Amino acid sequence: MEISSRVLNDVMLHAQEHAELIRKTRDTVLDIRVTEESDDGLVTVTVTAAGELTDLVLDPRIYRQPDSDGLAETILDTIRTATGKANQEAARQLTDVLGE
């Protein structure tokens, strides 16, 4: 079976276009950052879609009622919420590009 150079060129061009789309989508997803504040406003976190914690801000009011276990739980809950939102945004962007 002989494949014409035109068909082969079309296939290669199509593959290159898809590769570029995948690179752009990857870069977009890697750039996702979500900032979330705890319900009590004492903890603010920023995470990436990969779940990396990139920023953590603790309001000085946390020292008024020292509770290390409660603070740890609040931090973790806030990180989980932010990570969930970042993952939802990544999924939305991937769906926009790739379809359902």
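Trainee: Is D77 buried, partly exposed or exposed, and how do you know?

Mentor: First, a word on the source: this is a predicted model, where local features need pLDDT of at least 70, side-chain atom pairs count only at pLDDT 80 or more, and totals for chains, interfaces and linings use all residues. Residues are numbered from 1 along each chain as its sequence is written, and side-chain values use heavy atoms, with hydrogens and water left out. Now D77: its relative accessible area is 35%. Buried means under 20%, exposed means over 50%, and partly exposed is what lies in between (1.4 Å probe, protein chains only). With 35%, D77 is therefore partly exposed.

Trainee: Where does D77 sit?

Mentor: D77 is in helix α2. Helices (H or I, at least four residues) and strands (E, at least two) are DSSP runs, numbered from the N terminus.

Trainee: What makes D77 and R80 a salt bridge?

Mentor: The rule asks for a side-chain nitrogen of Lys or Arg within 4 Å of a carboxyl oxygen of Asp or Glu. The closest N and O atoms of D77 and R80 are 3.3 Å apart, so the pair passes. Both residues lie in α2, three residues apart, about one turn of the helix. R80 is exposed, with a relative accessible area of 54%.

Trainee: How many salt bridges does the structure hold?

Mentor: Six. Another one is R61 with D59, at 3.0 Å from N to O. R61 has 36% relative accessibility and counts as partly exposed; D59, at 21%, gets that label too.

Trainee: Which parts does the salt bridge of K85 and E36 tie together?

Mentor: The side chains of K85 and E36 meet at 2.8 Å, N to O. K85 is in helix α2 and E36 is in strand β1 (residues 33-37), so the pair ties together parts that are 49 residues apart in sequence.

Trainee: Why is E36 called buried, and what is K85 called?

Mentor: E36 has a relative accessible area of 14%, so it ends up in the buried class. K85 comes out at 39% and is therefore partly exposed. E36 belongs to the covered face of β1 along with V34, while R33, T35 and E37 make up the uncovered face.

Trainee: How do you know that β1 and β2 pair?

Mentor: Two strands pair if DSSP finds at least two bridges between them. β1 and β2 have five, in the antiparallel sense, so they qualify. E37 stands opposite T44 in β2. Five residues lie between the strands of this hairpin, and G41 takes a positive phi near 75°.

Trainee: What makes β2 largely enclosed?

Mentor: Five of its six residues are buried, so the rest of the structure largely encloses β2.

Trainee: Which residues touch the most other members in the largest nonpolar core?

Mentor: I32, A49 and A86, out of 14 residues. To be called a nonpolar core, a set needs buried Ala, Val, Leu, Ile, Met, Phe, Trp, Tyr and Cys residues joined through side-chain atoms within 4.5 Å. β2 (43-48) and α2 are the elements giving two or more residues to this core, and α2 gives the most, with five. As for A49, its contacts (heavy atoms within 4.5 Å) include A86, N87 and A90.

Trainee: What makes up the nonpolar surface patch?

Mentor: L21, L94, V97 and L98 form it, about 330 Å² in all. Patch members have over 30% relative accessible area and no salt bridge; like charges are joined within 9 Å, nonpolar side chains (Val, Leu, Ile, Met, Phe, Trp, Tyr) within 5 Å. Accessible areas come from the Shrake-Rupley method with a 1.4 Å probe, and for residues only the protein chains shown count as cover. Take L98: at 63% relative accessible area, it is exposed. Helix α2 (residues 68-98) supplies the largest share of the patch, three residues, and L98 is placed in that helix.

Definitions and conventions
Lists of a residue's contacts leave out its neighbours within four places in sequence.
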